[in-house]
Amino acid sequence: MATSFRIHPAIGIARLGNSPDKFCISPDKGGHLPIKCDDQGNPILNKKGEEESVKYFNDDKGRILRQAARFRVFIYDDKSPDGREAAIGDQVDIVNRRNGQLLTLRIDDIQWTAYLANKKASWYAFAETDGEHGYASDHPLRNADITNSEERQRLIIDPGPRTVSFMGSQQAIFDKNSPGPTSFPPDLVPNSIAALGELRCTQMANKNRLLVLGGFGNSGTMLDGFGNPKIEEYANNDGWFDDISDGPVNARFIGTVVAIDKRPVKPLGKPVLAPAAIDPAWVIVGYPRYVPQAVDVVTMDDLLFDIAVRHFGYVPYLYGIPPYTGSAVVPKDEAGLRIWRAQAQWNADFRPYFGRDILPILLRPLDAQNFMDADALTGGNPHNTAPGGNFDFTDLSVPPYPDEPEADRRRRHQMRQLLYAVLRKPGQENELFAPAGPGIPGGKLFAMPLLCGDNALSNTAPSKFLRLTETMLFLLKQWADGLFINEDAEDIKPGLMHPGPGAALDRGALASALGGAFCPGAEAGWIMRNPAIYSAAYRIKPAAPSQGELSLPGGAELSNGLEPGDITKYSALPWQSDFNECTNQPVDVTYRDWNNLELDSVGDPAAQAFQLTYWWPVHRPFIFNGAPWSPTAQNNAGDLAMTTAWASLRFIIQSDGQYTFAPTPPDQPKS
């Protein structure tokens, strides 16, 4: 095979913190703690040579540690078709595209370049699902009173790109000190923004890696005068800026040519920048995840895995073109993929593994119950909330077998079918109750997940409740029909549904990010489920490097790729306002007149709200240990308070199977 090179993870997640010098590394597996590192960013290893998890999330003054996204370059060749991490001293073959020569290069270093930006203040106003498929010409802008294009350009926080390497500058800050034009907001209240983050180049065991650190959680308004600073709503606040950001990550080898067309070169010359094409990555800077080991009902990995499976042939024996033998080659070009997508379908003979594919999904509601009101899920609830739990995993894990007693077979079948039947299916995003069916009396059981959807707020293009991805639903349907394997009972160690360690990083980095509901979302919003932004599975398509300023609304098309700041520009401004209010939500269920509700005095459906529907209980807790997790009120005043209060919120970890507050460093003041 031809040698190729890719950065992994394809999308990395960094997180804000207000500690000026202490940080850690974001986990590369879902449900795991961040990784402890020294002041240079090298991971701390235990006696077994394994990376240690953090014990403390704060420095000795109580300030929250930032979490760095960590990137590596992988080599794909005949020696390692599933990929191996590039090491200093490795020799790789590279075709010089200018003259066709085959260069054998000794890798001496890796030069990393990243570009963070924040476009929120210049972008369209967020309006739930409106805009997901394109904005109308009259859709309002944020800061619409600023009409001069030059002034609107200054609404973009744009420090320009930064470059580091281990043999050169090992650290670079995304601040105003750039040789090119930069754009930063003026002084802000309560907190100004002087930088969006930094790069650090580290080397450990001959592996050159990049750390991308985000900002310090600063946000503020440039407006002064009576009543300021003020927050007026959850997503769009004119005059405000924050230091959330995103952008592309690129790499180039610095190496010595040791052979040309397999003929040794002597004497060796100086190291040069190699012409190798390395598939770029992307970094998204999100706010802190305060319950790092809990897993969202739908993760960002679930979302992108679904896109990869159904749009890029990521697992062709799961979803592809019959006969699903793996002999059919999935095309890489967009024209070929369009033909493939038109023919691809689910493999009805696919058997998911219970432990690998099913159990992780069923366990997620258990985490959620630790951070919701105990009265939220009561009558009409099929979830695991009965005393002692009503998910019998012993029964749920048993596939049908030839000598199975009929009573056991029937009971297990009914349990699986019930759990699948109450799951919200495509087209049921506005249904409060599961459709009537075997074991489900009409209108008596809530459809699941009983969580807010992409638009639980308005009745324009509503999407009131969350649902699982189509890939998740297919796997669960196979399981419900008894078409699955219990790998433990069969003593099978199944492989994973991704090719190699690099792909494992792609998935693991996103398994701790939110995959829905997108109103507007946490680390990112509904733009992430648009296949048009990807060049391949999990890999965002970057726009050609800008020769000038980053584009304003209406100035770029998704088909041309994304610029720095193009992922997070859809998110709330400032982030703290939406974060504060995303607890529970009174959901209007009168948006359609066939709900058979009582009519009011003028013949319209009487207003009815389903009060206790939650947003992201394991991502942003509502309660913990019977008390509100956050002291701020869910209103505009509370949103304003959260612009500083976020830094005093407590992290929650698992200890001996129970959730508890994370310990504080010995010298940290107790809250």
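**Backbone and cysteine notes on a predicted model**

I will start with Asp261, which sits in the loop between strand E15 (245-260) and strand E16 (263-264), where strands, of at least two residues, and helices, of at least four, are DSSP runs numbered from the N terminus. This is a predicted model, in which local features need pLDDT of at least 70, side-chain atom pairs count only at pLDDT 80 or more, and totals for chains, interfaces and linings use all residues. Residues are numbered from 1 along each chain as its sequence is written, and side-chain values use heavy atoms, with hydrogens and water left out.

Most residues other than glycine have a negative phi, and most peptide bonds are trans. Asp261, although not a glycine, has a positive phi of about 50°, and Asn143 likewise has a positive phi, of about 55°. Asp261 is partly exposed, at 33% relative accessible area, whereas Asn143 is buried, at 3%; buried means under 20%, exposed over 50%, and partly exposed in between, with a 1.4 Å probe and protein chains only.

Turning to the peptide bonds, Pro322 and Pro323 are joined by a cis bond with omega of about 15°, and Pro323 lies in the loop between strand E20 (319-320) and helix H3 (334-343). The bond from Leu573 to Pro574 is also cis, with omega near -10°.

Finally, the cysteines: a search of the whole structure finds zero disulfides, a disulfide being a pair of cysteine sulfur atoms within 2.5 Å.
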